[in-house]
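Thanks for coming, everyone. I'll go through it piece by piece.

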Amino acid sequence: MKKLLLGDEAIAQGALDAGLSGVYAYPGTPSTEITEYIQNYCKNTGENIHNRWCTNEKTAMEAALGMSFAGKRALVCMKHVGLNVAADPFINSSITGVNGGIVVLVADDPSMHSSQDEQDSRFYGKFALIPVLEPSSQQEAYNMMGYAYGLSEELKLPVLMRTVTRLAHSRAVVEMGEKQAQNALNPVNGTKDWVLLPAIARRRYAGLIEKQDILMSKSTNSPFNRCELYKGRFQMGAIACGNTYNYLNECYPDGIDFPVLKLSQYPIPAETVERIASQCDNLLVIEDGQPFVEEQIKGILSNNKNCNITGRLSGALPRTGELNPDIVKAALNMKPLPHLEKAETVVNRPPALCQGCGHRSVYEAINIVVKEFPGAKVFGDIGCYTLGALPPYQALDSTVDMGASITMAKGAADAGLFPAIAIIGDSTFTHSGMTGLLDAVNANSPITVIISDNLTTGMTGGQDSQGTGKFEAICQGIGVDPEHLKVVVPLPQNMEEITNILRTEIAYKGLSVIIPRRECIQTLKRKAKSKK
């Protein structure tokens, strides 16, 4: 059977066909469509696969470990910055090992299309000493899932699969195989290997180190690593990682006539690298992200003085942003493809909050009130409301990471800054804001926290928000004084009420929380359309 699938959808279908029992994720572009595909599949088939969104990536990774402990196969999905949140259980999962297979799918975002940074998740896989897979096509992404679960259960290790925006959000025809049944319930018994007391963890870590030769052998013989060698010596050779293998092939529509190593499984197969380098005067390393492979190859070939290594680190390829065929052509000293010139009438249209969005009224109120408080600073957070940093509101002084608004406001207040105002969205608050609010409660910090509640995870398409209907209870449970916990409806006709409350709570020399609540205009439209 064949289907036209996004890269994300191919990954999801591959996991389903590999006998998946549960997907655990927090929405984040470009990974969101994986979980949504599985949710729609379960809705249409009624199959018993856990598919509910998690509060954050750490809880997702830990829940997947629990499913693995019980003997079943789990998929964890996140974007690259989400792996920072999940790092604690992710790293430790290589020490506990797995029972049922775990694939940790991380979607990196070169060029930062919708992200704060451009980090490369392959470093995390190397750090954790586990196998890393990097598909070069939608078909390969599908095929890799079954392979990854088999590899995970064979080695008793989680497997990291890294994809990038361009592959995640492009379509191709995928040929699907037979669907496997889910693993039977088979929890871990008779061992304390999952109890990471130092004495046990030291033994488990020694075992992980012993597996590294096996991981290298698996990479050397991987069906996804392909070395195309020829007789003789060549002026040029290339190592193309994951999706960049396509860019290299686009440069040579009639076929590549020099040695190429297609690299899609790590650790880097050192023996294969030495073999291709022995035939080449120059070796171009093509990779989306940071010079992860290039740096390591310089070490592998440190005694080879006859092969010059180039790539992002050397400047042959740009150090930032995603690659494309033209960039690769330039590195190969080839002429770029012809392009149509951009019309002079085409201008950039920066993103903006939707017309009718409740966040608009919140920022309008903030801008009115902060003028009355010289030196006021507004600490923002991650979500569609981050657009309040742009015109016409230009209301934010910082946006760093999920949950940072509250803790940064507290830290600024600790330094003597007044007033310090934090604005955070509903989904971001439950993701990473609650612990910061507890710190502020315990110190009775003189800050005003605005939880702008649009009843959904708006930035990634309207997924469920984990705290919907619970925010007042959460805040009071954490210890917020009910006298300084206010709920408002952010509409233009309520502006006087909103500004009065905001003015009063900012002036209060203690912690206050304001919850402007109105449903996201996009989810409201979708509901109205479905009813019609």
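Start with a right-handed β-α-β unit, made of strand 5, helix 7 (residues 138–155) and strand 6. Right-handed means that, with the strands pointing away from the viewer, the path from the first strand over the helix to the second runs clockwise. Helices (H or I, at least four residues) and strands (E, at least two) are DSSP runs, numbered from the N terminus.

A word on the source. This is a predicted model, where local features need pLDDT of at least 70, side-chain atom pairs count only at pLDDT 80 or more, and totals for chains, interfaces and linings use all residues. Residues are numbered from 1 along each chain as its sequence is written, and side-chain values use heavy atoms, with hydrogens and water left out.

Back to strand 6, residues 159–164. It is largely enclosed by the rest of the structure, because 6 of its 6 residues are buried. Buried means under 20% relative accessible area, exposed over 50%, partly exposed in between, with a 1.4 Å probe and protein chains only. V159, M161 and T163 point one way; L160, R162 and V164 point the other way. Which strands pair with strand 6? Strand 4 (residues 102–108) does, in parallel, over 6 bridges. Strand 5 (residues 132–133) does too, also in parallel, over 2 bridges. Pairing here needs at least two DSSP bridges between the strands. D108 has V164 as its bridge partner, and V132 has L160.

Next, strand 10, residues 260–263. V260 and K262 point one way, L261 and L263 the other, and all are buried. Strand 8 (residues 226–228) pairs with strand 10 in the antiparallel sense, over 3 bridges. Strand 9 (residues 234–241) pairs with strand 10 in the parallel sense, over 4 bridges. I239 stands opposite L261 there. From strand 9 the chain crosses through helix 11 (residues 244–251) to strand 10, and this crossover is right-handed.

Five strands pair in parallel, in the order 14-15-16-18-17. Strand 14 (377–379) and strand 17 (485–488) stand at the edges with a single partner strand each, so one side of each has no neighbour in the sheet. Strands 14 and 15 (residues 420–425) are joined by 3 bridges, and K377 has A420 as its partner.

Helix 17, residues 426–443, has a kink of about 70°, centred on G433. That bend is the angle between axes fitted to the seven residues ending at a residue and the seven starting there. Buried residues in helix 17 include F429, G433 and L437. Just after helix 17, N444 takes a positive phi of about 45°.

What does L437 touch? Among its contacts are I406, V449, I478 and V513, leaving out residues up to four places away in sequence. Contact means heavy atoms within 4.5 Å. L437 and V449 have the most contacts inside the largest nonpolar core, which has 49 residues. Such a core is a set of buried Ala, Val, Leu, Ile, Met, Phe, Trp, Tyr and Cys residues joined through side-chain atoms within 4.5 Å. Helix 15 (residues 358–370) gives the most to this core, with 6 residues. Apart from it lies another core, of 42 residues, including A64 and V293.

Last, L185. Is it buried or exposed? L185 counts as exposed, at 62% relative accessibility. It sits in the loop between strand 7 (171–175) and helix 9 (198–210). L185 and G71 are 114 residues apart in sequence, yet 5.6 Å apart in space, C-alpha to C-alpha.
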